[in-house]
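Please examine the structure shown below, and keep it in view while reading. The paragraphs that follow proceed from the pair of chains to individual residues.

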2 protein chains.
Amino acid sequence: VSCGSTENIDLFFHAKSVAIYGASASQNSVGQAIVQNFIKPQYTGKVYAINPKYDQVLGVPCYPSLQDIPGPVDLVVIAVPARITPRVFEDIGAKGCKAAIIISGGFSETGPAGAELEDEVVRIAKEYGIRVIGPNCVGVIDTQSHIDTFFLPEYRCGRPRPSNVANISLVSQSGAFAAAISDWTAELGLGISKIVSLGNKCDVDDDDLLWYLAEDDSTQVICYYTEGYDSMKGRTFFDTARRVTESKPILVVKSGRGMRAKAAASSHTGSLAGSDNVADAAYRQAGIIRADNFEHMFDMAKALAMQPPARGDRVLMITNGGGLGVMTADALEALDLAIPSPSDDLVRRFKEKLPPYCAVGNPVDVVGDTDASRYDIVFEEAIASGEYDLFVVGMLLQTPSLGMDITNVIANYQRQSGLPFVVVSMGGGFTTKAGEIMELMGVPTFATGEKAAVAAKALAQYGEVRYGEDFNKTLTNNKKD
Amino acid sequence: VSCGSTENIDLFFHAKSVAIYGASASQNSVGQAIVQNFIKPQYTGKVYAINPKYDQVLGVPCYPSLQDIPGPVDLVVIAVPARITPRVFEDIGAKGCKAAIIISGGFSETGPAGAELEDEVVRIAKEYGIRVIGPNCVGVIDTQSHIDTFFLPEYRCGRPRPSNVANISLVSQSGAFAAAISDWTAELGLGISKIVSLGNKCDVDDDDLLWYLAEDDSTQVICYYTEGYDSMKGRTFFDTARRVTESKPILVVKSGRGMRAKAAASSHTGSLAGSDNVADAAYRQAGIIRADNFEHMFDMAKALAMQPPARGDRVLMITNGGGLGVMTADALEALDLAIPSPSDDLVRRFKEKLPPYCAVGNPVDVVGDTDASRYDIVFEEAIASGEYDLFVVGMLLQTPSLGMDITNVIANYQRQSGLPFVVVSMGGGFTTKAGEIMELMGVPTFATGEKAAVAAKALAQYGEVRYGEDFNKTLTNNKKD
């Protein structure tokens, strides 16, 4: 089992038979919660419980050990006390299983004795060629195969669903975050393929999953939450990432920017957070886009999953509210995107067709009494001009003069032009629903100009990664920090 | 009518009789939409329509002119073409009305001819002592009196409601933003008292409303959206603000940080956006807190409306998820809040009572299997120690071991200690509802560590404004920008 190996990783997501060590009849136990996930009708594989105390758990046949199970087992989920795990791994090896998730804690995160136990498990796993996720984690959710080892009940921790358009997979060092993100994205409606909580990373690590997710057709954007890298594995990860980002975007949230956070991370995971500036440089070189926080990561991931990368940094902002234009332009400018004025020729074309009280510039303000037709004019002329690489479309729907046909106009021009579009639509009930419609039509929609700007920036950043020298960069990078 | 006068301003919010100039029988017209707002049963005042074409509009008696209305009229709402407005104002003056909102556009925002018309209206208004909001605006929403001149239908533009706990009032230069914010805050459930759209500010301006809102018992936090100040009025506004912030927080979102945004603002409102750095300095001196965007402003306003200001900058973070602790500490540190380690004595007290696998530091991580009792221990000891001014409480509810009694523990310690608390609870359905419960119990709750950090910062910033020299500042301001 070497670094960056995808050998048998697929079993974690597509196991056709699962055995749960420590399956339990006692309510609210971890061992019962995991059995509960696998007896849902959505999971179509075979399920076995392992516990010498029972004949069955929740109606699932229960065996004293893995050896007693009649058929093959693809994946073993382990929820027994840490001290028993070496014995369990001998059992797994003897059965010939190749994938195990250790949910239990009590390993290297607790000190030297736990670390020794973890080393022993790793030794046995290597001997038999068993891939291990964990220990000290919540494991895996796959929204398509319905493999689900999160031991948290659905009423507390919602499970996300895959989207028909494009999906995100997320790898998290923190189990609590993996759970919170599962719950959060379930509510957001963001299309998710896989969530993996890595815990102590005794075997499977960020790099292994990167290789796997790069090849995974149901993952369009790969997201990471990490608190740090150990120096050797970190290098491998960045080498892999450089190759992966040529065809698939990678986003990362890395905590531990500050001193205080670094101390907390160290006591939390036992890993050294390392220099944050070094990480920043490594991200840039590898084409990884770093997000400041989860909200930004989700906004970026949504845009990258739904839209093509931009071929340059020239943004045209169209709006039916002047204030929204100003605020969004501020946000775009702060992120070093170019907001070039339309050429004299393009201004002339706009003015020929738009009412005289529209403000023709960048932003183009088609003002509050507009219907979809003025957007139509702006898109047609701006796209034909070739002066812009990316469109940010302000769509304030509080005024009834703008009908829902605007969504068709936006989606059609996006599709025809092949240029990336993001929409910003601020408001409440009607606006939220309209945004969902807009996204079903393929164009990502955001509640504020700042969020749309962050999304637009990601489309330009990834464009630069993808197109390299061919990326049409009009602004030199003069970031203030 | 001088700068900073609150004379007759109250009529805009508490008019017991309203006349609508340009009331109309044609569907989807502005004149009809406004009549519609006032015939809702919630508005208990008298309503009159004015239009020589009709006897009634939507069942409201309609008169040819204001003079023909039998009773007194407190407030006139004007939705007639700009060129007619001088005649309308002669009519208003003759009737003795003292407050008018000009919804119509076509004034100074359109050029010199419109500016002349606006000057004439102002001249007449001054002659008769009429206070004017607008022109070119959507006017006023008062969620308690149900004065509502927003001409946008509720299915598109939701109206916010007042909260029983504490309310925010918002003044916006932009009408489209006023509408979008009405709609947005309706969905957010943020308690709102008043929203005012100022438009061209021909008479009533930011400063007048500041005087008024400072004295308004139903407004706990005053929020502004502005694109700039003209130099004379700006000075008056900042002078007033310095006095108001001694007893009530003022938040502002000012767009036009960037060059591009400045140009757009100028074409949008005809006002010069002015130097952004000058504005920043003026805000600081006046004790006004500047928010980067509306999301931040709402987060800050919620915290300031619900919690006392902090008496110092020393934050204790408590969490049941290590990752959340790290991310939030990062965000707090980036905002220059102090995150001091507990003293040896406090560490000893924590360790005596908490399980050994809890991480005692700052953050204090009571880990994933906690129930409310460990929070109880941390609050009790930390409050008794006097080492902290502000508590940021991570409450991840994906794990069922943490029951809803945590909300009581948090609310009780907040109330008993009188110290400001903010809660961060990341997730979906259950978490969102629990956050609403937490807020009904008086403690503001946020979906991410970054949002909680922004809220905590506002409580410290306003504490510095309120307590001046007595504010216990351990960190010197070493902001990176």
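Two residues are said to be in contact, or to touch, when they have heavy atoms within 4.5 Å of each other. This is a predicted model, in which local features need pLDDT of at least 70 and side-chain atom pairs count only at pLDDT 80 or more, while totals for chains, interfaces and linings use all residues. Residues are numbered from 1 along each chain as its sequence is written, chains are lettered from A and ligands numbered from 1 in the order in which they are written, and side-chain values use heavy atoms, with hydrogens and water left out.

The relation between the two chains comes first. Two copies of a chain are related by a rotation about an axis and a shift along it.

Through which surface do the copies meet? Of the interface residues of chain B, 100% are also interface residues in chain A, so the copies meet through the same surface. Chain B gives 65 residues to the contact, and chain A gives 65 residues. About 4,900 Å² is buried between the two chains, with 63% of this area coming from carbon and sulfur atoms; buried area is the accessible area (1.4 Å probe) that two parts lose on being put together, summed over both. On the side of chain B that touches chain A, the elements that give two or more residues are α5 (175-188), α8 (259-269), α10 (294-306), α11 (322-334), α15 (429-440) and α16 (449-467). Such helices are DSSP runs of H or I with at least four residues, strands are runs of E with at least two, and both are numbered from the N terminus. Between the chains there are zero salt bridges, a salt bridge being a side-chain nitrogen of Lys or Arg within 4 Å of a carboxyl oxygen of Asp or Glu.

The interior may be considered next. A residue is buried when its relative accessible area is under 20%, exposed when it is over 50%, and partly exposed in between (1.4 Å probe, protein chains only). A nonpolar core is a set of buried Ala, Val, Leu, Ile, Met, Phe, Trp, Tyr and Cys residues joined through side-chain atoms within 4.5 Å. The largest such core has 116 residues, of which A:F294 and B:F294 touch the most other members. Leaving out residues up to four places away in sequence, A:F294 touches A:F177, A:I181, A:W184, A:Y225 and A:V253, together with B:M327 and B:M426 of chain B. Another core, of 48 residues, lies apart from it; B:I101, B:L209, B:Y224 and B:I288 are among its residues.

Helix α2 (residues 30-38) of chain B is also placed in the interior. Seven of its nine residues are buried, so the helix is largely enclosed by the rest of the structure. The buried residues are B:G31, B:Q32, B:A33, B:I34, B:V35, B:N37 and B:F38. Their cover includes the strands β1 (17-21), β2 (46-50), β3 (56-57), β4 and β5 of chain B.

Loops can be buried as well. A:M395 lies in the loop between β16 (390-394) and α14 (405-417) of chain A, and it counts as buried because its relative accessibility is 0%. Among the residues that it touches are A:N320, A:Y375, A:L402 and A:V424. B:S65, in the loop between β4 (60-63) and β5 (75-78) of chain B, counts as buried at 16% relative accessibility. By contrast, A:A113 in helix α4 (residues 112-128) of chain A is exposed, with a relative accessible area of 62%.

The backbone deserves a final look. Most residues other than glycine have a negative phi, and most peptide bonds are trans. A cis peptide bond, with omega about 10 degrees, joins A:N362 and A:P363. Another cis bond runs from B:G134 to B:P135, with omega near -5 degrees. B:L58, in the loop between β3 and β4 of chain B, has a positive phi near 55 degrees although it is not a glycine; at 37% relative accessibility, B:L58 counts as partly exposed. B:K201 likewise has a positive phi, of about 55 degrees, but B:K201 is buried, with a relative accessible area of 15%.
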